[in-house]
Amino acid sequence: MTQQSSPHDLPDVSGLSIAVLGGTGDQGRGLARRFAMAGHEVILGSRSAERAQAVAEELGGGLPVRGADNAAAAQAGDVVIVAVPWDGHRALLESLKDVLAGKIVIDCVNPLGFDKRGAYALPVEEGSAAEQAAAVLPDSRVVAAFHHVSAVVLLDPEVAEVDLDVLVLGDDREATDVVRALASRIPGVRGIYGGRLRNAHQVEAFTANLISINRRYKAHAGIRITDV
């Protein structure tokens, strides 16, 4: 009788390199820093290789981080995180379609608008940013994750452990397991399977609620899932 694996079992991802497209923004820099601290080789991607390298050097401290243009970063990474602004999301992915073929692509983009009443979710033709990525990248393994991680917390040298669960969504169970494992490489973080990619919209949209919470309570709120 074979023993079934537990939903808590995670693969060994310690040897994977990680590219972060849009890696010079706050979210990209924060994720890059934490993954580099966990021992992963990280390649920061930007429209400007020089800008990416400068930010990589700013992260410093002997961390295994280097900069490149987005295409070179996407080529170099075993896993690729998309952390670009929403208005440039589709165009960037379309330009990298061939380079990203066969790779796990983690989309953490939140399509949000802002007005005098605060943040709100924008409508997306495909349903969500992650579903747009899947439509643009049919040969990639698209996973939605890292939407609710505070860049301020990620970049804070005083924060040793990040008090957060990361919801991981996707249609490829092996790929979501890899991303859950990567999330769990950040001390304090758990990667929690959150459903199919078609459910990414409400996860992306919930970021608007977190922004409202943060403004009201002057916090950097995240989420925890109970009884798991």
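Predicted model: local features only at pLDDT ≥ 70, side-chain atom pairs only at ≥ 80, totals over all residues.
**Alanine 160 and its setting in the chain**

Alanine 160 sits in the loop that runs between α6 (151-155) and β9 (164-170). Leaving aside residues up to four places away in sequence, alanine 160 touches Arg34 and Pro187. Proline 187 lies 27 residues from alanine 160 along the chain, and the C-alpha atoms of the two are separated by 7.2 Å.

Stepping back to the whole protein chain, 8 helices and 10 strands can be found. The radius of gyration is 17 Å, close to the 17 Å given by the globule rule for 228 residues, so the chain is as compact as a globular protein of that length. Along the principal axes, the C-alpha atoms fill a box of roughly 60 × 45 × 40 Å. Of the 228 residues, 49% count as buried. Among contacts between residues at least 6 apart in sequence, 72% join residues at least 24 apart.

The accessible surface of the protein chain comes to about 11200 Å², and carbon and sulfur atoms account for 48% of it. The chain carries 22 positive and 29 negative side chains, with the centres of the two sets 6 Å apart.

An unreviewed UniProt entry places the feature "domain: Pyrroline-5-carboxylate reductase catalytic N-terminal" at residues 18-111. This span is 39% helix and 23% strand, and its end C-alpha atoms lie 23 Å apart.

Note on methods:
Residues numbered from 1 in each chain as written. Heavy atoms only, no water. Helix = DSSP H or I, 4+ residues; strand = E, 2+ residues; numbered from the N terminus. Rg over C-alpha atoms; globule rule 2.2 N^0.38 Å. Buried < 20%, exposed > 50% of the residue type's maximum accessible area, 1.4 Å probe, protein only. Contact = heavy atoms within 4.5 Å. Areas by Shrake-Rupley, 256 points an atom, 1.4 Å probe, with all protein chains shown as cover. Lys, Arg positive; Asp, Glu negative; His and termini not counted. Charge placed at Lys NZ, Arg CZ, Asp CG, Glu CD. UniProt positions renumbered as here; feature names shortened; annotations may be inferred.
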